[in-house]
Amino acid sequence: MSQHSLTSAPAKALVPMAGEAGVLKHLWWNFADTYIVMKRNLMYFVREPQLLIFATVQPIMFLVLFTYVFGGVISFSTGGDYINYLMPGIVIQSIIFASSNTTVGLSLDLSRGMIDRFRSLPMSRAAVLAGRTAADTVRGFFTISIMLMAGYVIGFRFADWGTGLAGLLLAVAFGYAFTWISATIGLLVKDPEAAQVAGFIWLFPLTFASSIFVPTRTMPDWLRTFAENQPVSIVAGTVRELMTGTVNPDGIATSLAWIIGIVVVFMPLAVRQYAKVASR
Amino acid sequence: MPQNESIIADNVVKHFGDIKALDGVSLAAETGKVLGLLGPNGAGKTTLVRILTTLLKPDSGRVVVGGLDVLRQKQRVREIIGLAGQYAAVDEILTGRENLVMVGRLYHMPRHIAKQRAAELLEQFALTDAADRSVKTYSGGMRRRLDLAASMVARPNILFLDEPTTGLDARARIAMWETIRELVSDGTTLLLTTQYLEEADELADLIVVIDHGRVIAEGTADQLKANMAADFIDITVANPLQVAQASELLRPLSSEAPQTDDQRGHVVLSVESGVQSVAEVVRLLDGEDIHIAELNLRRPTLNDVFLSITGEAIIEEEAKPKRRGFGRRRSA
């Protein structure tokens, strides 16, 4: 590139060239880029007050409504304090819905040309998605933390703090897995308005045909079979056990298997779609 | 490989399903020069830019940027190019400064260098006063400038600007031309796409005209114009109902039928020598009591060039911003 010798001197000093960097440097850049993208995505959360309010008020509203509207009736069939039944379930529901942010966020970035900008930079290819899913997981964690605090006020208690926090972690990990499904959907849908709907419509059957709000006992057989074996119920059940002080190794193993399975399937799908997606 | 060409596309083909977006496009931009890629909407300009900037893979063809094979050395190409796409791809929620620092960091600059570079660029693009405001508050022109600044963060030698002034008003467009001229004055190679003929005329050293995914003409603005009839006479008749009559009357003066616009009362006549024909035009129209509201003698514009090559005019209307209008950021 002799023709550039005059003008490329400052560029060389300015931007480290990947060709001259070692494996460790590349590995570090992967993390650094992911962190930068994550930080950028979290800025939306911090700077848009209505997002923050929505993310806080909605789960509290759900919690209060479910507890006081259904609580009395449902307590009969759960055979105990409904808040302790509901809380873990609603934690799972909230973190899953928070993960649908990924769909909308990615489709917005696509339609606004941000993805093109990122892709034209010599940054880590994985960072745009990894930073996005990480940021939305942090948001989800924030949401359920608020929710647990609100729950505490109206009577929810961890039976055991150790297992309770383990349950919380499991819920966050499940939410993280779901952000990869959401990412795949966002990159497939592309259009931001369609993504608004596509992002969470599929979550309704998963969250309501489950053991999140009510025991599955009273459901018709066909629905019960689905409801008892789908991942949301399984993970919600395990989180519930952990939060109420029970350690069930089988449940934990199955939940982890679902989480890992979802990530293993959807992470490559999302990455592949990202690589080939065109902005318009 | 010719070393004096920074951007080379050689017989590039790209299909989207059944649609042939690029049908064997070849072009080359000389190092340090501005290549204007001119064509109407849907001609394939953006597709070619996306291929040259590693965003899209061509079905076939060879693409070389800065001496690097774009298909094989994507990351290295990304280190030496700057791209400002059709949409001002800047983050609304961040401030102007934060946008530029983020881009610098993604080029793996150390933080203090990224900050310093951001400050330089803000100064250069007259954004210092707005630097710490969120981009949401920026005007269209400011966003474009910031977008351009973002593409300059790594001081690229090769720059791609895809319709840099689409959606800007006339004043902002002219300001943007000034900025672009300054950018390339230091020897940066620029490939610029535009649907504005005037813009290609103003900025480009070499113009490549594409339509329906094919190169249909190539040359300097003067060369393209030289292939045309010598002069044009634009006539506006006072009574638009007389357009057909006027056109008929003037037909013998030209080798081609005049172009007409009934609604606006326009008749455009191409002639060998404008000065000699003007008197004749006035005499003929006057003889039939057709009043002339306006008469202009002019050299051919690129619009005429395009019309003569493709048979279709490029519509010079204010291009609408193509961004979809969704105000909501997020719900549910």
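This is a predicted model: local features need pLDDT of at least 70, side-chain atom pairs count only at pLDDT 80 or more; totals for chains, interfaces and linings use all residues.
Close-up 1. Which way does the helix run?

**Close-up 2. Four strands of chain B make an open sheet.** Trace them in the order β12-β13-β11-β14 and you'll find that the pairing is antiparallel. Which strands sit at the edges? They are β12 (259-261) and β14 (292-298) of chain B, and each of these pairs on one side only. On average, neighbouring strands in this sheet are turned by 15° against each other, if you ignore direction. As a reminder, strands of a sheet pair through backbone hydrogen bonds, either parallel or antiparallel.

**Close-up 3. Now zoom in on where β12(B) meets β13(B).** Strand β13 of chain B covers residues 266-271, and it runs antiparallel to β12(B). How many bridges join the two? Count 3 of them. To spot a bridge pair for yourself, find Thr260(B): its partner in β13(B) is Val267(B).

**Close-up 4. Step back to see chain B as a whole.** The chain has 11 helices and 14 strands, and its C-alpha atoms fill a box of roughly 75 × 45 × 45 Å along the principal axes. Of the 332 residues in chain B, 47% count as buried. And what about contacts along the sequence? Take those in chain B with a separation of 6 or more: 68% of them are between residues 24 or more positions apart.

Methods: Residues are numbered from 1 along each chain as its sequence is written. Chains are lettered from A and ligands numbered from 1 in the order in which they are written. Helices (H or I, at least four residues) and strands (E, at least two) are DSSP runs, numbered from the N terminus. A residue is buried if 20 or more other C-beta atoms lie within 10 Å of its own, exposed if 12 or fewer, and partly exposed in between; C-beta atoms are placed from the backbone. Two residues are in contact if their C-beta atoms, placed from the backbone, lie within 7 Å. Two strands pair if DSSP finds at least two bridges between them. Axes are lines fitted to C-alpha atoms, for helices over the stretch in contact, and angles run from 0 to 180 degrees between N-to-C directions.
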